[in-house]
Amino acid sequence: MALNTTSTLPNGLLDSAPPMNPNKGPVVCVFCGVSPGTSPVHLEAARSLAQALHDHNISLVYGGGTVGLMGEVARTLAKLSGPAAVHGIMPEALLELEREGEGHIDEELYGRTTVVPDMHTRKKLMAKEVIEGGPGSGFVAMSGGFGTLEELMEVITWNQLGIHGKGVVAFNVDGYFDGLIQWVRTAVSAGFITPGNAGILVEALDAEEVVQQLKEYRVSEDRFKLDWSQG
């Protein structure tokens, strides 16, 4: 199947996104690596997360890769729930890096794919799908590298700034995010993050807990009360 192509978005940050639709199913955005990692526990966790998303009728939006943890989550969920449950969004420049083989991405295996011109468009589209999703929608970070951490920190910051109120979960596989969680505690004790905003990021130790944390997520009272409807 041919790839969908999106080149433009409305002006403004996420102001065009409608409020949460309680009649729509939840949508989870997963940030994770295009590497499988050196331990098999990471691929196993990717498969278990896909199983949990399937069990709870949750759709996936992700970076569109077909390799590493990215590919494993997408391929497993597409097999379990059907390709309509998966939407990959990939910048054109990354097509050679984050997919395997030549030619088009097999949408029967990996779900619908949208090719966009740049990283900013990719992240904005993924965030919009989550914001438009039903209760239980949110962002999940699995093991990954610099890009995974950057995407995670951005959606945490957007939550703090009041751009969205969706859950943000670190799926802490084999202690992978222990250092990050400790950094948040250190930042609180040093006075750079409020105790309330420390809870913007929540930890999950297994896939079922990821889903539960998203369902039970509570917005921090310490978030900035800013108006993002202009600009």
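**Figure 1. Met126 sits in helix α4 of this predicted model.** Met126 is buried, and its relative accessible area is 1%. Leaving out residues up to four places away in sequence, Met126 touches Cys29, Phe31, Val61, Tyr62, Gly63, Ile89 and Glu151. His87 is 39 residues from Met126 along the chain. Even so, the C-alpha atoms of Met126 and His87 are separated by 9.0 Å. Met126 also belongs to the lining of the largest cavity.

**Figure 2. Helix α4 covers residues 119-131.** How many of its 13 residues are buried? The count is 10, so α4 is largely enclosed by the rest of the structure. The buried residues are Thr121, Arg122, Lys123, Lys124, Leu125, Met126, Ala127, Lys128, Val130 and Ile131. At 1.5 Å a residue, α4 should span 18 Å, and its end C-alpha atoms are 18 Å apart, which agrees. A contact marks the start of α4: a side-chain oxygen of Asp118 comes to within 3.3 Å of the backbone nitrogen of His120.

**Figure 3. The largest cavity holds about 40 Å³ of space.** Rolling a probe the size of a water molecule over the atoms shows where empty space is left. Searching the whole structure finds 1 cavity of 30 Å³ or more. Which residues line the largest cavity? They are Cys29, Phe31, Lys123, Met126, Ala127, Phe139, Glu151, Glu154, Val155 and Trp158. Three elements, β2 (27-31), α4 (119-131) and α5 (146-160), each supply at least two residues of this lining. Helix α5 gives the most, with 4 residues. By class, the lining has 7 nonpolar and 3 charged residues, and no polar ones.

**Figure 4. Ser137 lies in the loop between α4 and β6 (138-141).** Is Ser137 buried or exposed? Ser137 is buried, with a relative accessible area of 3%. Its side chain makes two backbone approaches, listed here in turn. The side chain of Ser137 reaches the backbone nitrogen of Val27 at 2.8 Å. The side chain of Ser137 also reaches the backbone oxygen of Gly134, at 2.7 Å. Beyond its neighbours within four places in sequence, Ser137 is in contact with Gly25, Pro26, Val27, Val130, Lys166, Gly167 and Leu214. Among these, Val130 is one of the buried residues of α4.

**Figure 5. Asn57 has a positive phi of about 55 degrees although it is not a glycine.** Most residues other than glycine have a negative phi. Where is Asn57 found? Asn57 is in the loop between α1 (40-55) and β3 (59-62). Asn57 counts as exposed, at 64% relative accessibility.

**Figure 6. Asp174 is found in the loop between β7 (167-171) and α6 (178-189).** Asp174 is not a glycine, yet its phi is positive, at about 55 degrees. Asp174 is exposed, with a relative accessible area of 64%.

Figure 7. The chain contains 8 helices and 8 strands. What share of the contacts with a separation of 6 or more joins residues 24 or more positions apart? The share is 83%.

Conventions
Residues are numbered from 1 along each chain as its sequence is written. This is a predicted model: local features need pLDDT of at least 70, side-chain atom pairs count only at pLDDT 80 or more; totals for chains, interfaces and linings use all residues. Side-chain values use heavy atoms; hydrogens and water are left out. On a 1 Å grid over the protein atoms alone, a cavity is a set of points where a 1.4 Å probe fits but cannot get out, and a pocket is an open set with protein on both sides within 12 Å along at least five of seven lines; lining residues have an atom within 4 Å of a point. Grid points are joined across faces, edges and corners, and a volume is the space filled by probe spheres set on the points. Ala, Val, Leu, Ile, Met, Phe, Trp, Tyr, Cys and Pro count as nonpolar, Asp, Glu, Lys and Arg as charged, and the others, Gly among them, as polar. The expected span of a helix is 1.5 Å times one less than its number of residues. Buried means under 20% relative accessible area, exposed over 50%, partly exposed in between (1.4 Å probe, protein chains only). A polar contact is a pair of N or O atoms within 3.5 Å; within protein, one must be able to donate a hydrogen and the other to accept it, and residues adjacent in sequence count only if both atoms are side-chain atoms. Contact means heavy atoms within 4.5 Å.
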